[in-house]
Structures are given as structure tokens and as C-alpha cells.
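Please consult the sequence and the structure shown below while reading.

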Amino acid sequence: MTTRREGPAMRRLGTGIGWRPEIADAVEEMPGIEWVEAVSENLCPGHLPDSLLRLRERGVTVVPHGVSLGLGGADRPDAGRLAALAERAEVLGSPLVTEHIAFVRAGGALTASPSLEAGHLLPVPRTRDALDVLCENVRVAQAALPVPLAVENIAALVSWPDEELTEGQFLYELADRTGVRLLIDVANLHTNHVNRGEDPAEALAGLPLEAIAYVHVAGGFERDGVWHDSHAHPVARPVLDILADLASRVAPPGVLLERDENFPSGDELRGEVEAIRVAVEKGRAAATGTGAAAPTSGTGTDAGSGADDAVRQRLGLAQAALLSALVAGTPVPEGFDRVRLGVQARALAGKRADVVGKVAPELPVILGARYRPAFLAYAQDRPMTGGYRRDALDFVAHLLRTAPGDEGPGVRRELREWWLERSGPVPRSARPGARLARATRRVLLRR
């Protein structure tokens with residue numbers, strides 16, 4: 001039986017909110033905000049937003065939150081992504097960095113199959129193989145980062161067949177074997193309760209509470225018996241109840257509201273933050289004062305065990321089969337719920353369309369109402385392989401190559417100009433001589 005290794009006490013963060021450019025002014029004006037979290041991949045260390053700099057000058061802590069490392073994937077963490085996360089932590093003077101217990105890509109050399117990108121956080125199977133791989137990947141990340149790492153439990157629409165551990169057991173063993181901190185998302189516990197029938201109280205009871213770095217709270221909505229963790233809706237009462245339950249077991253070092261879409265007014269945001277404070281106070285008032293005993297894993301796992309290449313390949317093949325079914329229309333792997341996978345596949349395609357529309361905002365303007373149906377048709381059997389910018393370029397190239405042209409020559413000309421402007425290593429020159437050369441070349445190519 002293993003014994004949890006105690007690390008240094010986690011720094012108190014207090015009450016926070018996810019910083020986003022769309023609500024930057026509201027966040028700066030919000031009273032009682034002690035820290036913020038910013039998506040790491042959206043920050044350029046040499047050109048930090050003025051709003052974040054002003055918050056830092058006021059003494060507000062900023063924590064970079066990664067979304068693309070894929071610590072739960074079969075491959076070892078990418079050194080470049082780790083270096084970028086480390087750089088942001090150093091530039092911001094952050095006390096820790098956070099990522100997710102998820103995989104975001106699959107395939108490639110490990111499985112001798114095409115590389116696929118999910119564009120989304122997908123669940124890892126709660127198996128011994130996946131746990132071994134995750135533990136080793138977390139250790140690699142910890143060694144490369146200048147500050148402590150905390151990892152977040154994710155929401156899931158689908159369940160892996162033949163799982164061997166509950167969520168509480170999986171997270172406990174991960175923290176026990178690596179010393180990593182945990183970012184507990186109570187909205188994700190609610191999502192997994194609705195979608196996978198998992199008891200959030202049971203999950204909380206199984207957690208190593210002393211490993212919690214901070215807590216996420218977010219909104220969502222239910223449709224046809226499926227809870228969608230949208231981060232675009234008000235926080236639901238059941239989520240606040242789970243937060244109060246957690247606070248009755250341990251005093252969380254920090255609690256943060258996440259909002260990524262459909263941003264409300266500053267007053268509404270302040271109301272949600274206040275509701276979070278009230279839920280925490282309610283939980284602390286209900287605490288017995290005896291604290292929660294840290295559970296033991298009871299599994300006899302060797303804390304030093306790792307994942308060999310055969311284990312990584314088995315996990316890689318399973319993840320590639322699932323991701324291919326979700327984004328490339330291949331058969332659903334045995335044991336998965338086909339209906340739920342269909343819901344997840346449509347959600348992934350919809351998210352791709354939304355994000356590509358933000359990365360390349362000119363495309364919805366050029367195509368108008370035709371943008372979304374055209375992109376969803378394109379995405380049905382054409383998975384993302386190189387990020388959203390590459391996806392936008394591939395989508396336009398597909399339209400230029402296959403569209404019948406009934407959208408009109410003006411639209412096709414705009415799409416072609418957009419693609420030519422962005423497909424090269426540097427933007428095309430706007431000098432009159434260069435423009436004349438391009439026009440001459442087009443005329444010659446038409447002959």
C-alpha cells in the first residue's frame with residue numbers, strides 16, 4: 001500500500017475569474033478578485049495584453065492554463081509546448097501552471113497511422129496502462145517546468161469500456177505517484193454525473209484533498225439527457241452544491257469562475273462570483289472541523305513504475321481508433337456507445353467551425369450564411385491535422401478545389417485572395433511591382 005508524499009503547502013489564491021479579452025474591462029473593475037487565469041496558448045510573452053499587465057502591477061496573481069499539451073496522450077509531452085508553458089509562467093511570475101488530464105491528438109509514428117487533432121479535450125481511459133503513461137508524462141512535464149504543475153479533471157460525453165478505476169481512485173493514484181497538484185473542476189464532476197452516472201460525492205470522497213491547488217466552477221446546459229459543459233451559460237445550482245460539498249471537506253486554496261463564450265454583463269459576472277463565495281462559505285460552515293482523512297489507494301501500485309513502449313503503443317492505438325471515429329467517420333470502436341459518440345462527433349465539428357470562424361474571421365464574412373453548413377460538410381470526413389490556422393487554410397483550399405462556383409465569382413475571388421495571402425511563410429507584398437507580377441502570372445497561367 002502506498003503512502004502519499006506530502007509536498008509544500010499550496011499557496012492561497014482566493015477568489016478568481018478566468019481572464020478573457022472580451023471581459024478584460026469587467027475583470028479589472030470587479031471588486032474582490034484576487035487572481036485570474038489566462039489560457040496559455042492565447043498569450044504572447046513579448047506582447048502581453050495591457051489588461052493583464054495592469055492586473056499584475058496591482059498584485060493580482062496570473063496563472064497560465066494550458067489546453068494543448070495532451071498529458072493523457074500516448075506520446076511523451078512535446079518539448080516545444082512545455083518550453084512555451086514554462087516561458088509564460090516565468091514572464092507572468094506565476095506560482096504554478098495548470099493543464100488537463102486529457103488527450104488532444106492521436107496517431108502518428110507511434111501507431112503508424114495518420115496524425116489527428118481533436119481540437120478538444122478527450123477523456124483518457126481509467127486503466128492501469130493509461131495511468132502509467134499519464135504518470136510518466138506528468139513527471140516529464142514537472143521536470144521541464146519552473147513552478148509546480150496542477151492537472152484538471154475533464155468533462156466527458158463518452159465512457160471508455162472496461163475501465164479499472166473510479167475517477168477518485170485514478171486521481172488519487174496520479175497524485176500519490178507523482179506529487180502533482182490537482183485542479184478540481186466541480187462543473188466537470190456534475191457533467192460526469194449526468195453523462196456517465198458517476199456520483200460526485202463519491203468522487204470527492206476518493207480524492208487526496210491535500211493535493212488540491214484550486215477549483216474551477218463553470219456553467220453548462222442539459223439537452224436530451226446530455227449535459228454540455230459549455231462555459232457559456234450561468235453556473236447551475238447542482239454545480240454550486242458540489243462546490244459546497246467540496247468546501248465542507250477541505251478549504252480550497254482558490255476558487256475560480258470560468259466563462260469562455262456568450263459573455264454576460266459585468267453585473268451578472270459579479271453575481272456569479274458572489275454565488276461562488278456564498279457556496280464556499282456554506283460548505284465551510286458545514287465542516288465538522290475534523291478535516292477529511294486522506295484516503296489510501298489500496299492498490300499496491302509501485303510509485304516508480306513507468307510506461308514502456310508497448311504500453312504506449314496499446315494506448316495510442318486505442319486513442320487513435322476513438323479519435324478517428326469522432327473526426328474521420330471511421331467505425332465506432334467496440335464497447336463505445338454509438339449514440340453518445342455521435343453527439344460528441346457533432347459537438348467537435350461544431351466547435352471546429354466556431355474556432356475556425358474566430359481564427360479566420362474573414363471567412364464567415366465572405367461566405368455569409370453558407371459558412372457554417374459548408375464547414376460542417378467539409379469536417380465530416382476531413383479531420384484536423386495541424387491546428388486551427390491550418391484547418392482554415394485547408395477548408396478554403398477544399399472549397400476552391402471542389403465547390404461548383406454557384407456562390408458567385410466575387411466570393412471565389414475573395415476566398416482565393418484570402419488563401420494566397422495566408423498560405424505562404426510571409427504575407428504577400430503589397431508593393432505595386434509585386435502586385436503587377438502576381439497579376440501577370442495569373443494571366444499567363446490561364447492561357
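At what angle do helix α11 and helix α14 pack, and how far apart are their axes? Helix α11 (residues 338-359) and helix α14 (residues 387-402) pack at an angle of about 90°, and their axes are 9 Å apart. The two helices are therefore roughly perpendicular to each other, a term that covers angles of 65 to 115 degrees. Axes here are lines fitted to C-alpha atoms, for helices over the stretch in contact, with angles running from 0 to 180 degrees between N-to-C directions.

The model is a predicted one, in which local features need pLDDT of at least 70 and side-chain atom pairs count only at pLDDT 80 or more, whereas totals for chains, interfaces and linings use all residues. Residues are numbered from 1 along each chain as its sequence is written, and side-chain values use heavy atoms, with hydrogens and water left out.

**The α11 and α14 contact**

On the α11 side, K351, R352, V355, V356 and V359 take part; they meet Y388, R389, D391 and A392 of α14. Contact means heavy atoms within 4.5 Å. By class, the residues of this contact comprise five nonpolar, no polar and four charged. In this division Ala, Val, Leu, Ile, Met, Phe, Trp, Tyr, Cys and Pro count as nonpolar, Asp, Glu, Lys and Arg as charged, and the others, Gly among them, as polar.

**Overall composition**

The chain contains 16 helices and twelve strands, taken as DSSP runs numbered from the N terminus (helices H or I, at least four residues; strands E, at least two). Of its 447 residues, 51% are buried; buried means under 20% relative accessible area, exposed over 50%, and partly exposed in between, with a 1.4 Å probe and protein chains only. Among contacts between residues at least 6 apart in sequence, 77% join residues at least 24 apart.

**Nonpolar cores**

In soluble globular proteins, nonpolar side chains tend to be buried together. A nonpolar core is defined here as a set of buried Ala, Val, Leu, Ile, Met, Phe, Trp, Tyr and Cys residues joined through side-chain atoms within 4.5 Å. The largest such core has 91 residues, and those with the most contacts inside it are I17, V36, L149, L174, V217 and L243. A second, separate core of 21 residues includes A353, V356, L363 and I366. V356 also belongs to the α11 residues that meet α14.

Beyond its neighbours within four places in sequence, L174 is in contact with I101, L131, L134, C135, V138, V151, G179 and V180. Another cysteine, C44, is partly exposed at 41%. The count of disulfides, pairs of cysteine sulfur atoms within 2.5 Å, comes to zero.

**Individual residues**

T15 is placed in strand β1 (residues 14-18) and is buried, with a relative accessible area of 14%. Apart from residues up to four places away in sequence, T15 touches G32, I33, E34, W35, V255, V273 and R277.

G66 occupies the loop between β3 (61-65) and α3 (79-92), and is buried at 1% relative accessibility.

E29 belongs to helix α1 (residues 24-29) and is exposed at 61% relative accessibility. G329, in the loop between α10 (309-327) and α11, is exposed at 60%. Leaving aside neighbours within four places in sequence, the contacts of G329 are S324 and Q380.

Each of the following pairs is given with its sequence separation and its C-alpha to C-alpha distance.

| Pair | Separation in sequence | C-alpha distance |
|---|---|---|
| E29 and G266 | 237 residues | 8.6 Å |
| G66 and V151 | 85 residues | 9.6 Å |
| G329 and P383 | 54 residues | 9.0 Å |

**Backbone phi values**

Most residues other than glycine have a negative phi, and most peptide bonds are trans. D162 has a positive phi near 60°; this residue lies in the loop between β7 (149-152) and α5 (167-178) and is exposed, with a relative accessible area of 71%. N262 has a positive phi near 50°. The place of N262 is the loop between β12 (254-257) and α9 (266-286), where N262 is exposed at 54% relative accessible area.

Conventions:
Angles under 35 degrees count as roughly parallel, over 145 as roughly antiparallel, 65 to 115 as roughly perpendicular and the rest as oblique.
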